[in-house]
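Here's a quick tour for anyone meeting this structure for the first time. Have a look at the picture, then read on.

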Amino acid sequence: MKILEVVKKQSRGCKPTEPLIFEKHVEHVVGVDLPPLDVQETKVPSGLAGGCKTLPSFGQHDVMAHYTHLSDRNFSVDGNFYPLGSCTMKHNPRVNEWGAALPGFACLHPLQDEDTIQGALRLLYETRTMLEEIAGLHEVSLQPAAGAHGEFTALKVIRAYFADHGQSERTVVLAADTAHGTNPASCTMCGASVQTVKTVDGQTDLEHLKEVIESVGAENIAAFMITNPSTAGLFDANIKEIADIMHEAGAKLYLDGANMNALLGRVRPGDFGADAMHYNTHKTFSTPHGGGGPGSGPIAVTEELAPYLPVPQVMMADDGSFYLDRDREKTIGKVRSFIGQFGVLVRCWAYISACGPNGLRNVSETAVLNANYIAAKLCGRYSMPFFDPKNGKFCAHEFVTVPQDLLDKGVTLIDITKRMIDYGVHPPTMHWPIHDCLMVEPTETESKAALDSFIDVMLQIADEISSEIELVIKAPLESDIARADEVAAARKPIIAFK
Ligand SMILES: Cc1ncc(COP(=O)(O)O)c(C=O)c1O
């Protein structure tokens with residue numbers, strides 16, 4: 001129990017139940033001093049009065065305390081270990097938040113004249129060129145608002161390229177069986193059909209790839225969408241060969257760059273043959289994300305695809321000033337209002353600029369080292385199908401465990417993850433990319449002490465399953481809410497004031 005006590009001390013997740021603010025109502029207490037009325041008093045029209053007749057009365061400090069207590073009950077990257085695989089929940093340096101909130105950025109109007117927003121355009125131009133260099137590709141568009149939007153936009157670009165080259169019949173996109181759900185969804189949104197390519201041990205099955213090309217017909221294929229490192233946390237060492245196979249078929253290689261956190265400064269997608277890719281800047285280059293936003297998914301493409309990129313494109317004129325090019329003959333057009341997710345791109349610029357080339361390399365090396373460190377410490381108790389260091393099988397920035405031995409003792413995967421909540425750890429991604437798996441991504445921003453504490457938690461849970469299984473089956477025992485009906489919560493939410 002020693003570990004539990006230590007972890008509980010560090011965790012902010014466990015607080016006593018808080019009454020509703022309505023239950024705390026104190027008659028005749030006013031929490032705000034309004035200035036004396038200096039206009040004629042008039043009745044609020046009934047249609048504007050709203051439905052809530054009994055707002056609670058409360059002192060100002062008590063209101064602050066109430067909502068601070070509630071916010072303390074959130075699980076967050078700031079307060080907890082958050083190893084949510086494939087989501088890169090890394091620390092977001094506060095200086096990036098400060099930069100994004102500077103009035104000169106935050107208060108810009110999207111319709112301002114270009115000569116009044118030269119600083120903002122310069123930031124976008126520099127972000128664009130830095131992302132081009134990191135990708136090893138010719139040109140970046142900052143327009144897409146998320147990773148999935150980047151996939152959609154890049155596929156549109158690829159299809160426009162083929163249409164322009166008399167190959168409109170290329171409407172099939174290949175995707176690995178471990179692909180993120182957004183990959184096939186983006187293809188469908190783009191009017192392309194999807195053919196699945198098998199993976200073996202987390203790597204693309206090259207023979208199956210060739211078979212699929214043969215059966216679909218090379219002339220019908222637009223691209224292969226591949227995630228590298230894959231969603232199983234493995235770098236596909238055959239990537240160059242895969243690119244060659246696709247190019248021989250006359251098709252393009254699209255890299256889902258959501259996992260660039262493992263490649264930064266070490267490998268450039270353009271060098272291994274990618275024709276197009278997207279970044280998830282909110283993951284790789286920091287931005288508090290989750291719960292649906294905010295994000296940004298710039299795409300990078302080769303020179304031959306560049307004419308089809310969306311508009312506007314941020315450009316530098318010969319005199320060093322910056323402007324938005326809205327007039328590209330072959331562009332696919334607009335995919336978003338105005339100039340992209342500006343606030344997220346400020347954070348991206350700040351992150352890359354602060355790290356510099358060596359720092360970015362350090363990011364990916366540490367992210368990969370951290371994942372391998374945890375995997376090596378846990379693999380004796382938590383089976384790992386793709387991790388076998390003695391035979392040279394390491395992971396990239398995340399790893400997958402299928403803890404079958406523990407499940408066979410009578411617990412479910414959800415029991416294990418609920419017990420993790422008791423120890424102040426956010427449950428990892430579950431059941432994806434394979435059934436009954438946990439996908440753990442520690443990121444580079446966790447200290448060795450935090451990694452060791454997580455390892456202790458996982459070993460403790462494994463011990464509990466052998467000796468005190470009820471603790472795991474009944475978990476969480478320490479949180480405000482035990483096991484919510486997650487399906488009902490998603491499908492029939494009951495929204496209430498707190
Ligand atoms: C591998 C992969 N591809 C695509 C996406 C989609 O990115 P977004 O959520 O920004 O749309 C994600 C998101 O986590 C991902 O992990």
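How many of the 10 residues of helix 13 (residues 413-422) are buried? Seven of them are, which leaves helix 13 mostly covered. Before going further, note that this is a predicted model, where local features need pLDDT of at least 70 and side-chain atom pairs count only at pLDDT 80 or more, while totals for chains, interfaces and linings use all residues. Residues are numbered from 1 along each chain as its sequence is written.

**Helix 13 and its cover**

- A residue is called buried if 20 or more other C-beta atoms lie within 10 Å of its own, exposed if 12 or fewer do, and partly exposed in between, with C-beta atoms placed from the backbone.
- By that count, the buried residues of helix 13 are Asp415, Ile416, Lys418, Arg419, Met420, Ile421 and Asp422.
- Their cover includes helix 12 (404-407), helix 14 (448-467) and helix 15 (469-473).
- Helices (H or I, at least four residues) and strands (E, at least two) are DSSP runs, numbered from the N terminus.
- After helix 13 comes glycine 424, with a positive phi near 80°.

- In soluble globular proteins, nonpolar side chains tend to be buried together.

**Two helix pairs**

- Helix 6 (residues 147-164) packs against helix 7 (residues 182-189) at about 45°, with the axes 9 Å apart; axes are lines fitted to C-alpha atoms, for helices over the stretch in contact, and angles run from 0 to 180 degrees between N-to-C directions.
- That angle makes helix 6 oblique to helix 7: under 35 degrees counts as roughly parallel, over 145 as roughly antiparallel, 65 to 115 as roughly perpendicular and the rest as oblique.
- On the helix 6 side the contact uses Gly147, Ala148, Glu151, Phe152 and Leu155, and on the helix 7 side Thr182, Asn183, Ala185, Ser186, Cys187 and Met189.
- Helix 11 and helix 14 pack at about 30°, with their axes 10 Å apart, so helix 11 is roughly parallel to helix 14.
- Asn370, Tyr373, Ile374, Lys377 and Leu378 of helix 11 meet Leu451, Phe454, Ile455 and Met458 of helix 14.

- Most residues other than glycine have a negative phi, and most peptide bonds are trans.
- The bond from asparagine 228 to proline 229 is cis, with omega near -5°, and proline 229 sits in the loop between strand 6 (221-227) and helix 9 (239-248).
- Tryptophan 432 and proline 433 are also joined by a cis peptide bond, with omega about 15°; proline 433 is in the loop between strand 13 (429-430) and strand 14 (438-440).
- Histidine 431, in the loop between strand 13 and strand 14, has a positive phi near 55° and is exposed, with 12 other C-beta atoms within 10 Å.
- Aspartate 436 lies in the loop between strand 13 and strand 14, has a positive phi near 60°, and counts as partly exposed with 13 C-beta neighbours inside 10 Å.

Key
Two residues are in contact if their C-beta atoms, placed from the backbone, lie within 7 Å.
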